[in-house]
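Consider the structure below with attention to its charged pairs and its surface. The paragraphs that follow take these in turn.

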Amino acid sequence: MRCVILTASIGAGHDLPAEILRDELFERRPGAEVELVDCLELAGGLIERAINSASFESELANWLYDVQVRLLHDVAVTRRAAGRLGELLAGRPVLRALAERRADVVVSTYPGSTEVLGRLRRSGRLRIPAVAVITDLAALTFWAHPGIDLHLVTQAEATPAVRAIAGPRAEVVHVRGLNDPRFADPPSREAARRALELPPDGPVIVVSGGGWAVGDLGGAAEEALATPGAFVVVLCGSRDDVRSALEARFAGSPRVRVLGFTDRMPDVLAGADVLIHSTAGLTVMEALVTGCAVISYGWGRGHIRANNAAFAQHGMAQVAHDRSELRAALRTAVAAGGVPDPGFRALPTAAQVVVERFAPQA
């Protein structure tokens with residue numbers, strides 16, 4: 001089996017699912033050839049510079065991102081033009097990369113490459129099956145496409161939105177296996193707290209801004225710290241500057257721990273009562289699996305606005321638009337508690353589905 005996984009090195013939201021899928025494919029199919037390819041590097045030039053130069057560190061940058069997302073998702077002319085431009089600039093490099101690797105199947109964990117693959121597949125230029133991995137809940141315009149053979153979703157609630165884009169007959173499968181495998185059998189709250197040396201009693205509240213550490217992490221941490229008896233863990237992803245600033249801000253508080261990137265998320269979320277998160281994605285699903293309540297707060301820009309609306313619609317998370325609403329949401333979340341999701345473990349993994357559907361039979 002020869003599989004190419006197209007990803008994009010933007011935070012960890014696309015690379016991590018790609019890496020975990022690759023590793024399990026190797027386990028399930030010894031001798032398989034599985035390669036991760038950064039689609040932005042393939043596209044190069046204008047696309048790579050535009051995506052990698054994105055910034056969220058000022059109000060102007062956030063406003064520009066809002067405008068960009070609205071143009072891409074809400075305006076039909078701009079949306080079609082962007083899709084066509086992506087095909088023109090990246091179509092040939094993608095086809096060449098797949099041909100060089102003699103791929104049997106291609107999987108995309110990034111919406112930009114999914115759009116390109118869907119267009120190539122629908123036009124007949126791509127002759128191998130294409131699979132889309134979808135880790136968001138809403139704003140899925142470029143996550144799904146009528147030309148894609150199979151859509152794998154990490155949240156079942158995304159299925160109607162995928163079929164609205166890809167067509168009512170689109171094949172959509174709810175899977176796990178795109179995040180840390182330990183989430184299928186997470187530790188108990190007590191064991192997780194012992195492993196991380198967290199207080200055994202009282203609320204533990206985790207604050208996260210995703211891989212890029214965006215949003216009002218400091219304000220969220222202050223509100224969490226004001227919760228009686230709470231211990232607060234702040235996750236800063238890959239942003240060392242944000243971590244340093246928050247460490248200085250809370251240097252006098254023994255009830256705050258500031259961390260950078262961590263590979264211990266099953267422990268972190270299993271030991272927590274509440275997650276305050278600003279960027280949606282896999283971390284929200286992981287929290288719900290472990291029985292950790294979720295509050296979306298701190299950024300609410302672009303595609304996150306659509307995800308927030310979906311969270312509220314499906315009752316998956318509370319949405320706080322300001323610190324006053326966050327304060328009230330924290331009271332509700334801490335009082336309510338949560339229960340782990342026993343059904344998560346029973347889901348098929350993404351690698352299992354890909355092998356069963358597309359691996360050559362002996």
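Which residues are linked in a network of salt bridges? They are Arg84, Glu87, Glu115, Arg119 and Arg125. A salt bridge here is a side-chain nitrogen of Lys or Arg within 4 Å of a carboxyl oxygen of Asp or Glu. Side chains of opposite charge can pair when their charged atoms come close. The structure holds 21 salt bridges.

The model is predicted: local features need pLDDT of at least 70, side-chain atom pairs count only at pLDDT 80 or more, and totals for chains, interfaces and linings use all residues. Residues are numbered from 1 along each chain as its sequence is written, and side-chain values use heavy atoms, with hydrogens and water left out.

With Glu115, the closest N and O atoms are 2.8 Å apart. Both of these residues lie in helix α6, separated by 4 residues, or about one turn of the helix. Helices are DSSP runs (H or I, at least four residues), numbered from the N terminus. Glu115 has a relative accessible area of 8% and is therefore buried; buried means under 20% relative accessible area, exposed over 50%, and partly exposed in between (1.4 Å probe, protein chains only).

The other partner is Glu87, whose salt bridge with Arg119 has its closest N and O atoms 3.6 Å apart. Glu87 belongs to helix α5 (residues 76-100) and Arg119 to helix α6 (residues 111-123), so this pair ties together parts 32 residues apart in sequence. Both Glu87 and Arg119 are buried.

A further salt bridge joins Glu222 and Arg323, with the closest N and O atoms 3.0 Å apart. Because Glu222 sits in helix α9 (residues 217-225) and Arg323 in helix α14 (residues 323-336), the contact ties together parts that are 101 residues apart in sequence. Glu222 is partly exposed, at 30% relative accessibility, and Arg323 is partly exposed at 29%.

The surface also carries a nonpolar patch, formed by Leu60, Trp63, Leu64, Val67, Leu71, Val75 and Val77, with about 630 Å² of accessible area together. Patches are made of residues with over 30% relative accessible area and no salt bridge; nonpolar side chains (Val, Leu, Ile, Met, Phe, Trp, Tyr) are joined within 5 Å, like charges within 9 Å. Accessible areas come from the Shrake-Rupley method with a 1.4 Å probe, and for residues only the protein chains shown count as cover. Helix α4 (residues 59-74) supplies the largest share of the patch, 5 residues. Leu71 is found in this helix α4, and its relative accessible area of 38% makes Leu71 partly exposed.

Key:
Helix = DSSP H or I, 4+ residues; strand = E, 2+ residues; numbered from the N terminus.
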